[in-house]
Every structure is written in C-alpha cells, then in structure tokens.
Amino acid sequence: MEEIFKRGPLMLLTGRANEPLCQEIGNSLEAGFEGATVRNFADGEIFVRIDRNARGRDVFIVQPTVAPADYLMELLLLIDAARRASAARITAVVPYYGYGRQDRKDQPRVAIGAKLVANLITAAGADRLLGIDFHQHQIQGFFDIPVDHLYAAPVLTDYFRQKKLQNLVVVAPDVGSAKMARGFANRLDGELAIVDKRRPAPNVSEVLNIVGDVDGRPCLLADDMVDTGGTLASAVRALKERGAAEVYACATHALLSGTARDKLSAAPLEEMVVTNTIDIAEERRFDRLKILSVAPLLSRAIKYIHLNESVSQLFDTAPVDKQGDT
Ligand code: R5P
C-alpha cells in the first residue's frame, strides 16, 4: 500500500461537472472516489449529501466551475456539507475556474465574477484551492486561502515534443497569450509569433496582423481556452494565408461552445489538442480533436497536498503569464 494511505484519511468527492476526471484521479491514487449523492428537486434546486463519514477526513472535491452555474452551486454545497460533517480540511479542486474571464472592472457597471466566485468558495468553507491555468494568474490573489495553481503546459508540450516538429513556430493567438506561448516555445525549442487580434463584438474575433515569420514552417497555436473557436479558427486561416506549412492548436480548457466544433472541423488544422479539465460531451468532439488527461498531474498534486509536501516539483515549466484579452 502506498505511503499516502498510511498517513491519513483522504476523501475524494465530485459533483456532476466532470465525474470521469474524478474517477481517473481516484484510479491513479488507488483510492477511488467516495459517494456523494447529488440530485435535483423537481424544481431544479440542488441537493447534496456525502454518503460516508467525513469526520476528520482530508476532503478533496473535484469540480470545474464550467457553465451552467449549477456546477458552481454543487461545489459550494459539497464544501458546505463537508464542513458541517467535520472534515479536517477541505480542498476545492477546480480544474477549470469558470468566471475567470471577469477579473477586472474594465467597463462601467460590470461585475468582477472571478473575485465573487473566490469569495463564494471561501465563504462556503474551503481551506484551499487547487486549479489549473487560470485565465489570469493574478486570480490567485483573489483568494485569502492557499491556492496551488498548476500549469497544463507540461502535459501539452510533452505531446507535441513527440511529434518532433522541425523549425516550429509557437503562435500566441492574441497579445494576452504571448507570455504563455513564449513558455511553450521555450519548452519546444521553437520561435514565437503573435497574432494581433481584435474583437469587434463579444465572441467575434478578427485577425489584423501576424508578428513573426511563419512562412513554410509548422505552427502551433497555444491558448488557455477555446470557447466558440473563433479566435483559433481565424488565426489558423491567417497563418495559412501567410504560408504556414501546417497548423496545430492547443488549449487547456475546451469549452467548445455553440458552433466551435463546426468552425474548428472546417479550419485547415492538423490537430486540435486540449485537456480534460472540462468533460467534453460527445457531440462537441470531432475527428482531429485530441484530448489529453490532466488526471496524473492532479493526482500527484492531491497526493503532495495530502502529505503536506511541496507541489512545486510539478512546475517543470517557468510560470507563464497571460494578460489582457478575453
Ligand atoms: C482570450 O483571452 C482567451 O485566451 C481565448 O483566446 C478566448 O477566450 C477564446 O475564445 P473563442 O474561442 O470564443 O474565440
């Protein structure tokens, strides 16, 4: 039996947002996840109950706060249930931090959703939070509880390294992603190019220019999230028009909303690589979509947190910033 289970009682719980990921984490921890009943009343109100004794347990609740907001509510209720059941410590494991795009008051009369969600998670009773690739790294500072913020970059770049792409250019699909893309370029021995994008309307993306030499070279677009697919699809086309030999794209969080599937399938893209921080419904998938698992990364982090060990050994990439665009 692993050291981890001699040290103390770990309890792994999940809501309904990404059960397969929690199952995988449980398998790799050889712990399995323990039952919580999560269901709706006839009117939609959510009910949760932790099915086993949680007293004194080190509780990890895996739940991305992707839309609909019911998933956030499930997380809050599970935290509250664990606190009232006398858990020793509660860690919210939020592989995708929804509302992260609303991180500042950049227009009059808007909410700062990322801060509100941090307040809610804290008020519900979480002792710490474990997340991956926040939209802005500064979101860590929205919490007054410890936050372990992981990067999916090692998972994604390990995959692309195996392709042995020669003369690679890593392309930031907007200025805000430039530092993140630079981190990828460093890890893959590639050069950096940047797309100058503008948004004439919300969720509409237009490429103005590409800074960097992409002619005749394989390109890898790297972003933290793909939502409607507009940013990536228009960047892929612009790269092809400027002579890129082949274009790959990767993103940590695959929201794949609306017509993203159609847009990306129609784009001249070799492969779109994402992770399973969000459970991707079958109808949102397409042939050239490759899904990599963050379960090994999260399992190791959970194990280190449980054992009160440093998680910094999981950061085998320099932190990469992201600023600006949404
Ligand atoms: C912007 O800052 C983000 O990194 C993504 O580029 C953006 O949210 C993607 O949205 P969409 O897929 O709808 O263009």
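This is a predicted model: local features need pLDDT of at least 70, side-chain atom pairs count only at pLDDT 80 or more; totals for chains, interfaces and linings use all residues.
Me: Are α3 and α4 roughly parallel or roughly antiparallel to each other?
Reply: The two helix axes cross at roughly 25 degrees. Angles under 35 degrees count as roughly parallel. The arrangement of α3 and α4 is therefore roughly parallel.

Me: How many disulfides does the count come to?
Reply: A disulfide needs a pair of cysteine sulfur atoms within 2.5 Å. The sulfur of Cys250 has its closest cysteine sulfur in Cys219, 13 Å away, and that is too far for a bond. Cys219 is in no disulfide. The count comes to zero.

Me: Is Cys219 buried or exposed?
Reply: The cut-off for buried is under 20% relative accessible area. Cys219 has a relative accessible area of 0%, so this cysteine is buried.

Me: Where is Asn276, and is this residue buried or exposed?
Reply: Asn276 has its place in the loop between β13 (271-275) and β14 (289-292). Beyond its neighbours within four places in sequence, its contacts include Asn18, Leu21 and Glu24, as well as Ile291 and Leu292. Its relative accessibility is 11%, so Asn276 counts as buried.

Me: What separates the centres of domain 1 and domain 2?
Reply: The domain assignment gives domain 1 as 2-151 + 295-317 and domain 2 as 153-292. In the contact between them, 18 residues of domain 1 meet 14 residues of domain 2. Taken over C-alpha atoms, the separation of the two centres is 28 Å.

Me: Is the peptide bond from Ala67 to Pro68 cis or trans?
Reply: Most peptide bonds are trans. Pro68 lies in the loop between β4 (58-62) and α3. For the bond from Ala67 to Pro68, omega is near 5 degrees, and the bond is cis.

Me: What is the phi of Arg109, and is Arg109 buried or exposed?
Reply: Arg109 is found in the loop between β5 (89-94) and α4. Its phi is near 60 degrees, a positive value in a residue other than glycine. With a relative accessibility of 77%, Arg109 counts as exposed.

Me: Is Leu256 buried or exposed?
Reply: Leu256 lies in the loop between β12 (246-254) and α8 (260-266). Its phi is positive, near 45 degrees. At a relative accessible area of 2%, Leu256 is buried.

Notes: Residues are numbered from 1 along each chain as its sequence is written. Side-chain values use heavy atoms; hydrogens and water are left out. Buried means under 20% relative accessible area, exposed over 50%, partly exposed in between (1.4 Å probe, protein chains only). Helices (H or I, at least four residues) and strands (E, at least two) are DSSP runs, numbered from the N terminus. Contact means heavy atoms within 4.5 Å. Axes are lines fitted to C-alpha atoms, for helices over the stretch in contact, and angles run from 0 to 180 degrees between N-to-C directions. Angles under 35 degrees count as roughly parallel, over 145 as roughly antiparallel, 65 to 115 as roughly perpendicular and the rest as oblique. Domain bounds come from an automatic or database domain assignment.
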